[in-house]
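Please keep the sequence and the model in view while reading.

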Amino acid sequence: MFNKYVNNIASNKYVNNKAAEGPLIKVQSALSWLCRNIARDKYLILLVLFPVIYFIVFHYIPMYGVIIAFKDFSPSKGILGSPWVGLRWFYEFFNSNYAFRLIRNVLLLNLYNLVWGFPIPIMFALLLNELKNGLFKRIVQTVSYLPHFISVVVIVGMVVIFLSPYGGIINVIIEKLGYKSINFMSKPEWFRTIYIATGIWQEFGWNSIIYLAALSSIDPQLYEAAKIDGASRWKQVIHITLPGLAPTIIILFILQVGRMMKVGFEKIILMYNPATYEVSDVISPYVYRVGLLGGEFSFASAVDLFNSVINFILLVSVNKLSKKLTDIALW
Amino acid sequence: MEKITGIKIKWDVVPSSQYKTVMQTRLSSGTNLPDIIDMPVDTYKYGKDGLIIPLDDLIKKYGFYATIAFKKKPFLPALMKTPDGVTYHLSGARDEEIAAGPYGWLIRKDWLDKLKLSEPKTIDDWYNILKAFKENDPNGNGQPDEIPITNNYGIAQMFNWGNAWGLHLRFSKGFYPDKDGKIQYEWLEPRAKEVIVFLNKLYSEGLYDKECAINTSEQQLSKVVRNLAGSAIEWQESTTMWNNKLKESGVNDANWIMTNIPSGPNGYQGHIETIGYANGMVSISKDCKNPEVAFRWLDFVIYSSESVKLRTVGIEGISYTVENGEIKMTDFVLKNPDGLGPVEAIRSIGAWQYFPMVLSAELTGKLKLSNPLHKERAKSIEKQIVPRVEFAINTDEEFTKINRKLTDISTYRDEMITKFIIGEEPIENWDKFTGMLKSMGIDEILQVRQTQYDRLQSYAKEYGYR
């Protein structure tokens, strides 16, 4: 009884003492914990530091410049000194002759890209995964992602030459087959096809890498178990490979939707011409023409901000939807 | 240049294709500006913002060569003057360049000779010749692969055909004063429709390059060198390089020449526009520590006859020699080892750069017309050269009023004209096109253009021009 009492006092006292010295000890222990961790993971931290700095410098600091979308920006007055104009630039954009066309073109290009461009790397990865010959697999893989390293300028140059009605290889083949040659680059109906097909050709190998990585993380025991149960290769793909890939596919899909309003600006500039404006003119070259070349920075950043906001809304809503339906989400 | 002026220059080099973008960004942030800037856009806005300094006092105090040049070319200071009456940049002048090596219709003379045709004079002649080029296999390879006429700069270059109808669609962009000095938009005239009908006829019969909407100068050159093209609209001096390159690829009798400017169906004689009176805009930035030195350097480099000579005909001993006081171009220029035309050859040793230049017909003539045939041809079209229309610099109000409208209108115009020419849009819709131009606000633009035109005329009077 007495002992218990003493113990209680002691423990109380101990608790009290700890409370008195608490913050100091906590800080000290936290510090030493931090130091130990830094010492242990110093290379990892160094590694992650570069991307963090990159995002701060190139993606977060410039965000404050977005406020010029609501101002009448003048270089000498600076960003803070320029007068506020509210939503004027947004109204002007939506009242301009081409706003609707620009938005429609971006969305359509991205929609087609999603429909055609998204599944191809997945299929390619699956097919590659079924290959048993290691050397052949590596060669196919390397060849498929080589185009990723060619600059857009060269790609478009090649496309123009291949599709030329004067001795372009594609038209030579069409003529050999007995059809009339097609003037691809001046036909609005061909623009989207060319844009998306070349994009797929350039990127499908590269994009398949991430799926291949995901595939390699699927437990081989699952396959063995399935084989013992008598599953064909087709069944194995349906019941093991695809479910194993699903999280990766969904995450990448969400990211892709978050880029719906973005289009490779360089490629459009290189590929479009007056004959195809109605399908090829999109927001980014418009921002470039009016904003940078015309010197209307506020207007251009308003248009660009609008673009990003739409992207953001799309990203958040698709993410939410996915979380509800599949329980897989970015956050 | 450093040797003559005694000033060391630190060049800030940016790839030419990105120059405009880079410079705009630097100007808009207002930091990290070089002392001397080759301005990519109107200088007025940045001048008023205080990023670049006014030059009027400097011109008065130190503009030794500039004053002489302005006396000879009073239109030049008028063009440099902003609505506030302040000058923020210096430009060179190129009014005489076009006469000394003009832009115009080039044709394969050897093809004409082969098919026993004479040089085209009228629009109808052109049609017949292009048809003959298409059908009679002048390149002799047994295939109907000839491109009777090719182009450059996409559709815009085809607007030159309007010159045969008395229109100014290319360099003046359709804005041109009528004989009472009232600015018109010539795309609204019925003549413009006639031009497009003609071009559509050429295109639909396969006489115009099928890729006319997308051609760049590289593509044009490749068609010329592959011995496919029969004619083009280009600078006369291109003929030298084209002939050389064709010879290299084994076409020995290739003979590109400059031919007559076509006259139109309504009896109009035809003309060729100059590409603009002033060239380049150079300013001094607020960060310049010694504007006086910078200005005196510019004054010398742009306007002094010594510098003009150096920059036009190059270095004595390399690109030219002097015999009995006469400048003679060397073989480096005339028969360039790399097959370049005269201007390209000069450029390869550092002269003739894209920096304001005052061109004197005497010197440019020496360079570009070193070939007697060129000289004779240039002379024959000289009287058909007309100046492009010029306008005074935008005020802020004018800029906001017309800038985006103008961008939208030219986008729409290029799009529709391209469709009319390649037959995607039936020509019956022409009235819809002109109606749309009106509803997009062409009248407001015309009003602004009129005041700008009048303002420039009054400036010019002030400087004693006309």
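In chain B, three strands form an open sheet in the order β6-β3-β7, with antiparallel pairing. Strands here are DSSP runs of E of at least two residues, helices are runs of H or I of at least four residues, and both are numbered from the N terminus; two strands pair if DSSP finds at least two bridges between them. Because β6 (231-235) and β7 (256-258) of chain B stand at the edges, each with a single partner strand, one side of each is left without a neighbour in the sheet. On average, neighbouring strands of this sheet are turned by 35° against each other, direction ignored.

This is a predicted model, in which local features need pLDDT of at least 70, side-chain atom pairs count only at pLDDT 80 or more, and totals for chains, interfaces and linings use all residues. Residues are numbered from 1 along each chain as its sequence is written, chains are lettered from A and ligands numbered from 1 in the order in which they are written, and side-chain values use heavy atoms, with hydrogens and water left out.

B:Ile107 stands opposite B:Ser231 in β6(B).

Another open sheet of 3 strands in chain B has the order β1-β9-β2, again with antiparallel pairing. Here β1 (36-38) and β2 (90-93) of chain B are at the edges, and each has a single partner strand, so one side of each lacks a neighbour in the sheet.

The contact (heavy atoms within 4.5 Å) takes 37 residues from chain A and 37 residues from chain B. The buried area, which is the accessible area (1.4 Å probe) lost by two parts on being put together, summed over both, is about 3100 Å² between chain A and chain B, and carbon and sulfur atoms give 52% of it.

Between chain A and chain B there are 4 salt bridges, each a side-chain nitrogen of Lys or Arg within 4 Å of a carboxyl oxygen of Asp or Glu. B:Arg404 forms a salt bridge with A:Glu92, with the closest N and O atoms 2.6 Å apart. On the side of chain A that touches chain B, α15(A) gives the most, with 6 residues.

Note on methods: Axes are lines fitted to C-alpha atoms, for helices over the stretch in contact, and angles run from 0 to 180 degrees between N-to-C directions.
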